[in-house]
Amino acid sequence: MPEYTAPDPIVDVTGAQDVAEDLVVIPDRGVQLVPNIGVIGGSHSVLVVETGLGPRNAESVVKFASEYAGGRRLYLTTTHFHPEHAFGAQAFAGEATYLVNRAQAEDLAAKGDGYLHMFRGLGAPVARQLEGVALRAPDVVYDAAHDLDLGGRVVRLRATGRAHSRGDQVVTVPDAGVMFTGDLAEAGQFAIFPWFPPHDTDVSGTRWIAVMRRLAEQAPRVVVPGHGDVGGPGLLADVRDYLELLRDETWARRDSAAGEEAIAAEIRALMIGRHPEWAGREWIERGVGCLCAEHPDDSAGE
Ligand SMILES: [Zn+2]
């Protein structure tokens, strides 16, 4: 593993931004393994979206959310089971009802321990934040759709089906036109493909494209990506377009005599040329690997 050189993955609640009425985002400040965290208020309840990496980050989110709520009831949800999004849920025990889609709960149960191990191996700053993690099962699990009434405001929790992970969930606040996408969309970086064969091959490029088309059609006013700056609906279109191009370029080369490595190098150069300012270049090759495996000629499919 390369040494972890990014800043410590610490959530800084002091930078919370108003995104809509009674709705704030604690931004990631461009720090790796810090997610954008949402706090959404209604007249009697407040929903927190994402925990931050590990119990100490989550404790500062709980403290912030409790003060913000001012006596209103607290709920927690997470967009998917990945560590910086969900591995702080234990800090919300006794403070908030934890609610997620079933596929996400199953992802956490099946792969949580493996990801904990993998992320501890990323470097000391990450391992420090993961000290003392006890994976917490959600209190409430829904199948495909759940409307959460916060009092005068209904938040829509929707499972998207397999895309970035097996159990992605999108959270929308219709009255404010705000959508939290989790890692289905990132701003200023290449789409994150957690394609780690043979350990984890649940990410699906083709399904992800279908999800992004549907989300872009909803045209929310504000899009809160999993990582990167809060933006508008253009963010969803950007991700959709990138994924479609990645698929097309991968599939166009797939039958050439060049091996997967040579194909990946060519596509990497092409994509960097298109988006020279985007971070996360290491995810391009993983995306190519995923989409190669998803070529329609490979009937392995599911
Ligand atoms: Zn993720």
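Two strands are taken to pair if DSSP finds at least two bridges between them; helices (H or I, at least four residues) and strands (E, at least two) are DSSP runs, numbered from the N terminus. The structure is a predicted model, in which local features need pLDDT of at least 70 and side-chain atom pairs count only at pLDDT 80 or more, while totals for chains, interfaces and linings use all residues. Residues are numbered from 1 along each chain as its sequence is written.

The chain has an average pLDDT (the predictor's confidence in each residue, from 0 to 100) of 95, and 97% of the residues score at least 70. Confidence is highest in strand β4 (residues 45–49), at 99, and lowest in helix α7 (residues 260–274), at a mean of 94.

Seven strands form an open sheet of mixed pairing, in the order β1-β2-β3-β4-β5-β6-β7. Its edge strands, β1 (17–20) and β7, each pair on one side only. Strand β6 (residues 96–101) has five of its six residues buried, a residue being buried if 20 or more other C-beta atoms lie within 10 Å of its own, exposed if 12 or fewer, and partly exposed in between, with C-beta atoms placed from the backbone. Three bridges connect β6 in parallel to strand β5 (residues 73–77), where L76 has Y98 as its bridge partner. Three bridges also link β6 in parallel to β7 (residues 140–142), and V100 is partnered there by V141.

Helix α1 (residues 54–69) lies across β2, β3 (37–41), β4 and β5, at about 155 degrees to β4. Axes are lines fitted to C-alpha atoms, for helices over the stretch in contact, and angles run from 0 to 180 degrees between N-to-C directions.

Contact requires C-beta atoms, placed from the backbone, within 7 Å. Leaving aside residues up to four places away in sequence, V48 touches I37, V39, V61, A65, L74, Y75, L76 and A96.

R73, in strand β5, counts as partly exposed because it has 15 C-beta neighbours inside 10 Å. With residues up to four places away in sequence again excluded, R73 touches H44 and S45.

Definitions and conventions:
Two residues are in contact if their C-beta atoms, placed from the backbone, lie within 7 Å.
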